[in-house]
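This report walks through the strands, the core and a few individual residues of the structure shown below. Please keep the sequence and the model at hand while reading.

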Amino acid sequence: MFTYLNKDVYSGWFQFGQKQGKGTYIFNDTGMRIQGEWENSNVTYGEWIFPNGKVYKGAFKNNKPDGSGIVY
């Protein structure tokens, strides 16, 4: 587990100092959570879980939802 200066937390694999493989990133200020597959510190596929219970599941590009995904 790695805690950033802004108190965000990443729990998962690192390779050469970058997020790689399965991991979860939790935003301290909002409580949002991104969990999924990471490549070169960018999530490529996974779930973005919001504090209100909504979830986006699908592809990501530049750490943002990209392409077709589902929200539930």
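## Pairing of β4 and β5

Strands β4 and β5 are paired in the antiparallel sense over 7 bridges, where strands are DSSP runs of E with at least two residues, numbered from the N terminus, and two strands count as paired if DSSP finds at least two bridges between them. Within this pair, Trp38 has Val43 in β5 as its bridge partner, and Gln35 stands opposite Glu47 in β5. The two strands form a hairpin with 2 residues between them, and Asn40 in that turn has a positive phi of about 55 degrees.

This is a predicted model, in which local features need pLDDT of at least 70 and side-chain atom pairs count only at pLDDT 80 or more, while totals for chains, interfaces and linings use all residues. Residues are numbered from 1 along each chain as its sequence is written, and side-chain values use heavy atoms, with hydrogens and water left out.

## The sheet as a whole

The β4 and β5 pair belongs to an open sheet of 7 strands, arranged in the order β1-β2-β3-β4-β5-β6-β7 with antiparallel pairing. Its edge strands, each pairing on one side only, are β1 (2-3) and β7 (64-71).

Strands β5 and β6 pair in the antiparallel sense over 5 bridges, with Ala59 in β6 as the bridge partner of Tyr45; their hairpin has 5 residues between the strands, and Gly53 in the turn has a positive phi of about 100 degrees. Strand β6 (residues 55-61) is in turn joined to β7 by 5 bridges, again antiparallel, and Lys61 has Lys64 in β7 as its bridge partner.

## The nonpolar core

In soluble globular proteins, nonpolar side chains tend to be buried together. Here the largest nonpolar core has 9 residues, namely Tyr10, Tyr25, Met32, Ile34, Trp38, Val43, Trp48, Tyr56 and Phe60; such a core is a set of buried Ala, Val, Leu, Ile, Met, Phe, Trp, Tyr and Cys residues joined through side-chain atoms within 4.5 Å. The elements that give two or more residues to this core are β4 (33-39), β5 (42-49) and β6.

Ile34, in strand β4, counts as buried because its relative accessible area is 3%, the cut-offs being under 20% for buried, over 50% for exposed and in between for partly exposed, with a 1.4 Å probe and protein chains only. Leaving aside neighbours within four places in sequence, Ile34 is in contact (heavy atoms within 4.5 Å) with residues including Tyr25, Val43, Trp48 and Phe60.

## Lys19, a buried charged residue

Which side chain of opposite charge is nearest to Lys19? It is Asp8, 8.7 Å away, and Lys19 is buried yet has no salt bridge; Lys and Arg count as positive and Asp and Glu as negative, with His and the chain ends not counted, and a salt bridge requires a side-chain nitrogen of Lys or Arg within 4 Å of a carboxyl oxygen of Asp or Glu.

Lys19, which lies in strand β3, does have a polar contact of 3.4 Å between its side chain and that of Tyr4. A polar contact is a pair of N or O atoms within 3.5 Å; within protein, one must be able to donate a hydrogen and the other to accept it, and residues adjacent in sequence count only if both atoms are side-chain atoms. Not counting residues up to four places away in sequence, Lys19 touches residues including Tyr10, Trp13, Phe14, Trp38 and Asn40.

## Asn42 and its neighbours

Asn42 lies in strand β5 and counts as partly exposed because its relative accessibility is 28%. Beyond residues up to four places away in sequence, Asn42 touches Glu37, Asn62 and Asn63. The side chains of Asn42 and Asn63 are joined by a polar contact of 3.1 Å, whereas Asn42 and Asn62, 20 residues apart in sequence, are 6.1 Å apart in space from C-alpha to C-alpha.

Conventions. Helices (H or I, at least four residues) and strands (E, at least two) are DSSP runs, numbered from the N terminus.
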